[in-house]
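Welcome! Please take a moment to look over the sequence and the 3D view before reading on.

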Amino acid sequence: MKNPFCRSGVLIAGLLLMTSTVVADKKAEWPAIGLALGSGGAGGLAHIAMLEVFEELSIQPSVISGSSIGAIVGALYAGGLDSEEIRELFVDFGDSALNPFGGLGGDGGGVNWTDLLDFDFDNGSVISTDGFLDLVGERIEARQFADLAIPLKIVATDYWTGEFVVIDDGDLFQALKASMAVPGLFAPVRDGDFLLIDGGVSSPLPWDLVSDHDLVVAIDVTGTRKPSPDGSPDLSELLFKTFEIMQQSMIGQKLAANPPDIYIKPELEGVRLLHFDRVDEVMEQAAEAAGELRERLLEAQTIWAD
């Protein structure tokens with residue numbers, strides 16, 4: 001005679017196995033993450049080190065918001081490039097004729113970048129961004145926001161009102177051109193009634209745009225300043241670092257009012273706005289902050305799994 005409990009025992013064992021599988025899957029889950037990548041010129045190359053952490057932990061952000069260089073790196077990532085491919089793009093850019101600023105303005109010797117450029121005051125710019133955006137266009141297939149694998153929100157600033165403008169549909173490259181339009185360097189972008197300039201002017205770290213997600217991560221790449229040996233920074237440093245100070249003030253006010261769940265600020269020293277030929281140096285400086293991000297994400301995942 002068959003044991004009447006045998007069948008139920010099998011069922012119980014099966015239920016226990018299913019339960020353990022569900023628990024294991026739960027532990028492997030991550031909360032929906034909103035990732036904000038901030039403005040900061042060449043300091044934004046540190047974003048690549050942060051994306052490496054996401055890849056190591058097999059995390060994909062549910063949405064990305066970005067301002068200026070953060071918008072560019074965010075678009076590349078949302079467009080399907082991994083961190084290594086993004087690093088290679090900037091290495092190619094930094095070593096090429098497309099980057100007229102490589103090696104200029106910051107080492108105490110040689111010619112200053114202002115000596116090498118023809119100003120185009122009629123268009124409100126020094127140089128065109130078309131060459132760089134063409135390089136980006138060669139690496140990703142996306143041309144519209146709808147083509148991206150990850151939803152992306154790009155921030156620009158309306159020159160007339162001073163208010164930030166969020167762009168999340170339509171022409172991706174038009175939005176990038178607007179978000180990176182550093183006043184005095186790159187031409188503003190006309191869009192209807194808007195005259196759009198760099199997103200970092202009004203919203204240098206837009207984590208508020210992704211605050212509706214379970215976990216909000218914000219990466220601040222505005223860098224740091226230290227006294228120069230003679231105590232007097234040169235003209236280009238004064239211009240760009242003053243812009244940096246204004247951004248840090250805005251970020252500080254937002255942090256006090258409504259901080260993100262995870263805020264990471266790499267200690268970037270000696271990196272100026274246009275040092276795009278220093279990819280490996282910036283990423284090396286960002287390594288400690290990347291380690292901090294890894295720890296914070298793992299802590300958040302543990303809490304979420306519980």
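Here is a short tour of charges, rings and backbone angles.

## Before we start

Please keep in mind that this is a predicted model.

## Salt bridges across the chain

Side chains of opposite charge can pair when their charged atoms come close.

Start with Arg 294, which forms a salt bridge with Glu 56; their closest N and O atoms are 2.7 Å apart. Arg 294 counts as partly exposed because its relative accessibility is 28%.

Next, look for Arg 139 and Asp 92, whose side chains meet in a salt bridge with an N to O distance of 2.7 Å. Arg 139 sits in helix 5 (residues 130-139) and Asp 92 in helix 4 (residues 83-94), so this pair ties together parts that are 47 residues apart in sequence. Arg 139 is partly exposed, at 29% relative accessible area, and Asp 92 is partly exposed too, at 38%.

Lys 254 and Asp 208 make another salt bridge, at 2.8 Å from N to O. Again the pair links distant parts of the chain, 46 residues apart: Lys 254 is in helix 7 (residues 235-257), while Asp 208 is in the loop between strand 6 (194-197) and strand 7 (215-219). Lys 254 is partly exposed at 22% relative accessibility, and Asp 208 is partly exposed at 32%. There is also a network: Glu 84, Arg 87 and Asp 280 are joined by salt bridges that share partners.

Some charges form a patch instead. Glu 267, Glu 288, Glu 292, Glu 295 and Glu 299 make up a negative surface patch. Glu 267, one of these residues, is in the loop between strand 8 (262-264) and helix 8 (279-285).

## Aromatic rings

Now for the rings: the structure holds five aromatic pairs. In one of them, the ring centres of Phe 93 and Phe 132 are 4.9 Å apart and the planes meet at 65°, so the pair is edge-to-face. Phe 93 lies in helix 4 and Phe 132 in helix 5, so the pair ties together parts 39 residues apart in sequence. Both Phe 93 and Phe 132 are buried.

Tyr 159 and Trp 160 form an edge-to-face pair as well, because their planes are at 75°, with ring centres 5.1 Å apart. Trp 160 is exposed, with a relative accessible area of 54%. Finally, ring pairs link Phe 90, Phe 93, Phe 132 and Phe 276 into a cluster.

## Two serines with positive phi

Most residues other than glycine have a negative phi. Ser 58, which is not a glycine, has a positive phi of about 60°. You will find Ser 58 in the loop between helix 2 and strand 2 (63-67).

Ser 68 also has a positive phi, near 60°, and is in the loop between strand 2 and helix 3 (69-78). Which of the two serines is buried, and which is exposed? Ser 58 counts as exposed because its relative accessibility is 66%, whereas Ser 68 is buried, with a relative accessible area of 7%.

Technical notes:
Residues numbered from 1 in each chain as written. Predicted model: local features only at pLDDT ≥ 70, side-chain atom pairs only at ≥ 80, totals over all residues. Heavy atoms only, no water. Patch = residues over 30% accessible without salt bridge, like charges linked within 9 Å, V, L, I, M, F, W, Y side chains within 5 Å. Areas by Shrake-Rupley, 256 points an atom, 1.4 Å probe, with all protein chains shown as cover. Salt bridge = Lys/Arg side-chain N within 4 Å of Asp/Glu carboxyl O. Lys, Arg positive; Asp, Glu negative; His and termini not counted. Charge placed at Lys NZ, Arg CZ, Asp CG, Glu CD. Helix = DSSP H or I, 4+ residues; strand = E, 2+ residues; numbered from the N terminus. Buried < 20%, exposed > 50% of the residue type's maximum accessible area, 1.4 Å probe, protein only. Phe/Tyr/Trp six-rings, centres within 6.5 Å; stacked < 30°, edge-to-face > 60°.
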